[in-house]
Amino acid sequence: MFIWEVVVNVQADINTAMVHSFEGKFELAKTDLNPRWMLMYIPVFLFGIWDSYRTCVDMNNVYLLAEREDAPFNSYTVGSAEINYLDKRNPIMSVLWSSRISTIVSS
C-alpha cells in the first residue's frame, strides 16, 4: 500500500504541484498535475483513513473483551515492521491522525 501511494504520488506530480501552490504559482501547479494519476491517489488516501478507523474499532473490541473476561493478554508487542500496544482508543482520532500522516507522507 505504501509503495502504491508513492508510485501514484510521483506519477501525479503531487509534490511538485504542492510546492508551486505554496509559492503562489497556481497555474503552474495545475499544469504540473497529471489528472488521471491524481484521481488514483484519492482512493488510496480514503482507504488509509478507513483502514485506520476499522483497526481502531477492532482493537477497542479486543481490549474490552480482555478487560471484561479479566483474561491475560499481551498488551505490548514489537515486530519487525510495527509496534503494537493494546488499549482503548478513540476511532475519530485514528481518522484524524491517518489523514494527517498521509498528508505528511505525500509532501
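Asp13 is partly exposed, its relative accessible area being 32% (here buried means under 20% relative accessible area, exposed over 50% and partly exposed in between, with a 1.4 Å probe and protein chains only). Asp13 sits in the loop between H1 and H2, where helices (H or I, at least four residues) and strands (E, at least two) are DSSP runs numbered from the N terminus. The phi angle of Asp13 is near 60 degrees, a positive value in a residue other than glycine.

The model is predicted, so to speak of local features a pLDDT of at least 70 is needed, side-chain atom pairs count only at pLDDT 80 or more, and totals for chains, interfaces and linings use all residues. Residues are numbered from 1 along each chain as its sequence is written, and side-chain values use heavy atoms, with hydrogens and water left out.

Seen as a whole, the protein has five helices and two strands. Along the sequence these follow the pattern α-α-α-α-β-β-α. Of the 107 residues, 21% count as buried. Contact means heavy atoms within 4.5 Å, and among the contacts with a separation of 6 or more, 68% come from residues 24 or more positions apart.

The axes of H1 and H4 come within 8 Å and cross at roughly 150 degrees; axes are lines fitted to C-alpha atoms, for helices over the stretch in contact, and angles run from 0 to 180 degrees between N-to-C directions. This crossing makes H1 roughly antiparallel to H4, on a scale where angles under 35 degrees count as roughly parallel, over 145 as roughly antiparallel, 65 to 115 as roughly perpendicular and the rest as oblique. The crossing of H1 and H4 is left-handed, a term for a near helix turned anticlockwise from the far one by less than a right angle, with right-handed used if the turn is clockwise.

On the H1 side, the residues that meet H4 are Trp4, Glu5, Val7, Val8, Asn9, Gln11 and Ala12. Their partners in H4 are Trp37, Met38, Met40, Tyr41 and Val44. By class, this contact holds nine nonpolar, two polar and one charged residues (Ala, Val, Leu, Ile, Met, Phe, Trp, Tyr, Cys and Pro count as nonpolar, Asp, Glu, Lys and Arg as charged, and the others, Gly among them, as polar). Tyr41, in helix H4, is buried at 11% relative accessibility. Tyr41 and Val7 are 34 residues apart in sequence, with 9.4 Å between their C-alpha atoms. Arg36 also has its place in helix H4, but counts as exposed at 72% relative accessibility. From Arg36 to Gln11, 25 residues apart along the chain, the C-alpha separation is 9.3 Å.

Rings of Phe, Tyr and Trp (its six-membered ring) pair if their centres lie within 6.5 Å; planes under 30 degrees apart count as stacked, over 60 as edge-to-face and the rest as tilted. The count by this rule is two aromatic pairs. In one, the ring centres of Trp4 and Trp37 are 6.2 Å apart and the planes stand at 50 degrees, so the pair is tilted. Because Trp4 belongs to helix H1 (residues 2-12) and Trp37 to helix H4 (residues 35-69), the pair ties together parts that are 33 residues apart in sequence. Trp4 is partly exposed at a relative accessible area of 36%, and Trp37 is partly exposed at 27%.

Phe47 and Trp50 form a tilted aromatic pair, with 5.7 Å from centre to centre and 45 degrees between the planes. Both residues lie in helix H4, three residues apart, about one turn of the helix. Phe47 counts as partly exposed at 39% relative accessibility, as does Trp50 at 47%.

Ile14, in helix H2, is buried with a relative accessible area of 11%. Neighbours within four places in sequence aside, Ile14 is in contact with Asn9, Leu33 and Tyr41. His20 is found in helix H2 (residues 14-22) and is buried, at 15% relative accessible area. With neighbours within four places in sequence again left aside, the contacts of His20 are Lys25, Leu28, Ala29 and Asp32.
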